[in-house]
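Hi,

Here is the structure I promised to pass on. My notes follow below it; have a look whenever you get a moment.

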Amino acid sequence: VRTARAKGVGEIRLLVAHVLPNALVPVLAVLGVSFGGLFGGALVTETVFAQQGMGRLIYDAVMGNDANLAVAGLLVATLLTLTASLLTDLLCAVIDPRIALE
């Protein structure tokens, strides 16, 4: 950033081209990892407020000994979490070329 300012790069271009990509990578990484926590939060929220949703469905399946539904719901939640993590990694590699895809 200091070198770009010394070369006379404008503030908007400096922010968009130099600061934003470096600041966006850790934010995306945290958001991608915390995506799985949404399902835990959904379980608590749906149980407390008596709403119907995926968290409540899995909870009722576990409490009712419905193993097939519980495994299917957890499998869907796991696939969504893994997909979010993969997309986060790919976006980080696109934003910051120093991150290599091997």
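The count of salt bridges comes to 3, taking a salt bridge as a side-chain nitrogen of Lys or Arg within 4 Å of a carboxyl oxygen of Asp or Glu. Please keep in mind that this is a predicted model, where local features need pLDDT of at least 70, side-chain atom pairs count only at pLDDT 80 or more, and totals for chains, interfaces and linings use all residues. Residues are numbered from 1 along each chain as its sequence is written, and side-chain values use heavy atoms, leaving out hydrogens and water.

One of the bridges joins Arg98 and Asp96, at 3.0 Å from N to O. Arg98 is exposed, at 65% relative accessible area, whereas Asp96 is buried at 10% (buried is under 20%, exposed over 50%, partly exposed in between, with a 1.4 Å probe and protein chains only). Glu11 pairs with Arg5 at 3.3 Å, N to O; Glu11 is partly exposed at 44%, and so is Arg5 at 49%.

The bridge between Asp60 and Arg56 has its closest N and O atoms 3.5 Å apart. These two are 4 residues apart in helix 4, about one helical turn (helices are DSSP runs of H or I, at least four residues, numbered from the N terminus).

Helix 4 also has buried residues: Gly55, Ile58 and Ala61. They span an arc of only 130 degrees around the axis, which puts them on the same side of helix 4 (the arc uses directions from the helix axis to the C-beta atoms). Just after helix 4, Asn65 takes a positive phi of about 60 degrees.

Best wishes
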